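Please read them with the structure open.

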Amino acid sequence: MVPPGLSRFTKVVAGCTFLLLLAGGAVTSTGSGLAVPDWPLSFGRFMVPMEGGVLYEHGHRLLAAAVGLLIGIQTLWLWYAEPRRWVRALGSLALAGVVVQALLGGLTVLLLLPDPVSIGHAAMAQVVFGLTVAIAVVCSRQWHAAGDRERALDVRVPAFATLSAATAAVIFGQIVLGALVRHTGAGLAIPDFPLAYGQLVPPLDSRPVALHYAHRVGALVVALAVGWTAARAWRAHRGDPSLLRPSLLMAALVLVQIGLGGWTVLSYKAAGIATAHLGAGALLWATALVLALRSRRRLAAAPAPVHAPIHPLSDYLVLTKARITALVLVTAAAGFCLASPEGIDLGRLAALLVGTALASGGAAALNQVFEREADGRMARTWSRPLPAGRITPRQGLVVGVGLAAGGVVWLALRIDLLTAGLALLTIGLYLAVYTPLKRRTPLNTLVGAVPGAIPPMMGWTAATGGLAPGAWVLFGILFLWQLPHFLAIAWLFREDYARGGFPMLPVVDPDGGSTGRQVALYLVALIPVSLAPTFLGLTGPVYFFGALALGLVFLGFGIAMALGRGRRGARRLLLASVTYLPILMLLLLADRGVR
């Protein structure tokens with residue numbers, strides 16, 4: 001049990017960190033970033049007259065020093081009084097984060113506000129704030145009142161906990177995108193709201209306009225994710241205020257945030273409104289974190305609920321693997337947009353996404369038809385519609401063939417033969433090579449990563465009519481990303497895969513040595529490949545430094561799994577993988593160059 005004094009202190013630290021965020025936002029909003037031109041002193045002194053922009057910049061530095069001291073005290077207190085090692089590690093991470101944040105702040109001044117460093121400074125501020133919020137949550141009385149559920153790390157995470165974690169990741173990605181808009185001068189690239197130059201979709205013929213519009217689209221994605229989460233909380237957890245209240249608060253905050261975003265544009269970035277917009281985003285991020293942590297804690301070890309009958313539509317969404325299909329569409333769209341820097345043909349993009357969705361859903365359905373018996377032997381898949389008998393093999397076959405064939409024909413007629421050929425190649429590799437190899441060799445993961453990496457190439461060919469080095473780089477990024485992602489899944493469910501007769505690498509490597517080495521190897525290779533778009537002139541320095549930071553963090557999780565070889569490390573690596581890819585795609589699109 002955490003001492004009451006420490007529990008209260010962690011809340012104070014989180015609150016002060018939020019005030020520091022607001023102070024930093026005020027510095028940017030008032031254009032005071034270089035009001036004090038030296039660092040770490042101010043005009044060579046510790047204290048200076050607090051006037052004009054100096055008030056904002058020097059006041060921000062003083063508050064940062066105070067918050068850093070508080071986080072240092074918190075870290076020492078946690079190491080003295082907190083028995084949970086992972087909570088002590090969170091405290092150390094927060095302290096390391098505030099040190100990095102201070103160094104980035106100093107570089108921002110000394111290098112005269114370079115965009116990549118300023119964006120990194122803004123993103124790190126949100127990371128530190130998130131860590132202080134997480135510490136406050138796990139040290140609270142409510143956390144301990146939920147019971148001793150450390151064993152929950154060894155069971156499958158419930159759907160709502162996964163949804164809330166994904167929503168928090170989407171919100172953080174939008175915050176990073178907002179930092180790009182804020183620090184690259186794109187805040188007024190579109191001067192009207194809610195339309196954009198009087199249209200739903202403006203001419204995306206310049207980087208600032210594309211970046212600003214991407215932020216608006218991101219706000220819509222966040223609103224949908226938050227709305228979905230709140231609706232699920234209302235439907236399934238209405239009797240649990242610890243989950244319902246943050247869900248509803250998120251819904252309210254996202255509306256406030258969108259309103260403040262529009263007001264920021266209409267007021268021509270008035271300092272107070274712009275700062276409030278940043279603060280509301282931070283509160284939304286914090287609320288999402290609270291919900292994700294609480295739902296993971298309260299639901300993971302709870303008894304399995306008695307489910308109502310499944311709706312037929314849900315069965316067909318499962319049959320076509322709607323979540324995986326959505327990821328396929330994101331990567332295909334990324335390839336299309338990256339290959340179209342001077343303007344995006346939305347009609348052609350829509351046609352690409354329709355055909356790709358049909359082909360991907362059909363392949364997924366046929367895969368489940370072929371593996372229905374093995375799925376019936378595994379705990380994670382026995383309730384799928386085919387092994388559970390809610391959809392017959394013949395129905396699955398008809399749906400799969402119809403969707404797959406329809407997708408290829410659609411792409412051939414509406415896009416071009418090359419894109420349709422790539423779709424057909426993807427389906428063939430997935431069903432005729434990868435699916436049978438899953439029963440024969442651990443190398444199936446390498447083979448399966450090939451069809452999973454083709455969709456961004458389809459996007460590229462749909463935009464340009466041919467393949468280029470950029471398309472192959474996207475293929476390499478997706479190929480290498482999938483390998484640690486799937487190995488983390490295979491490690492978590494290795495007993496299940498063994499029951500299903502699938503010799504995944506973690507099944508034939510029970511001590512995890514080979515699995516850990518391969519995870520680290522693929523993640524090391526991913527870093528230079530993910531930086532290649534900048535060397536090809538497809539992206540700028542913002543993407544380069546963002547991809548580098550993401551890759552190093554991802555590698556850190558992989559090394560932790562390789563060394564620990566436990567379920568906790570694998571689960572963290574899996575969460576890191578599903579966070580890494582969407583943020584990298586956002587960076588690709590936000591910082592794409594003009595060729």
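1. Charge first. Lys and Arg count as positive here, Asp and Glu as negative, while His and the chain ends are left out. On that basis the protein has 46 positive and 23 negative side chains. The centres of the two sets lie 8 Å apart. Keep in mind that this is a predicted model.

2. Overall fold. The protein has 23 helices and 0 strands. Its radius of gyration is 25 Å, close to the 25 Å that the globule rule gives for 595 residues, so the protein is as compact as a globular protein of that length. The C-alpha trace spans about 80 × 55 × 45 Å along its principal axes.

3. Packing and surface. Of the 595 residues, 52% are buried. Take the contacts between residues at least 6 apart in sequence: 74% of them join residues at least 24 apart. The accessible surface comes to about 25900 Å², and carbon and sulfur atoms account for 71% of that.

4. Helix α17. Is this helix, residues 455-464, largely enclosed or open? It is largely enclosed by the rest of the structure, because 8 of its 10 residues are buried. Buried means under 20% relative accessible area. The buried residues are Pro455, Pro456, Met457, Met458, Gly459, Trp460, Thr461 and Ala462.

5. What covers α17. The cover over its buried residues includes α11 (322-338), α12 (346-370) and α14 (393-414). It also includes α15 (417-437), α16 (444-453) and α18 (469-492).

6. After the helix. Gly465 follows α17. The phi of Gly465 is positive, near 85 degrees.

Note on methods:
Residues numbered from 1 in each chain as written. Predicted model: local features only at pLDDT ≥ 70, side-chain atom pairs only at ≥ 80, totals over all residues. Heavy atoms only, no water. Buried < 20%, exposed > 50% of the residue type's maximum accessible area, 1.4 Å probe, protein only. Helix = DSSP H or I, 4+ residues; strand = E, 2+ residues; numbered from the N terminus. Contact = heavy atoms within 4.5 Å. Rg over C-alpha atoms; globule rule 2.2 N^0.38 Å. Areas by Shrake-Rupley, 256 points an atom, 1.4 Å probe, with all protein chains shown as cover. Charge placed at Lys NZ, Arg CZ, Asp CG, Glu CD.
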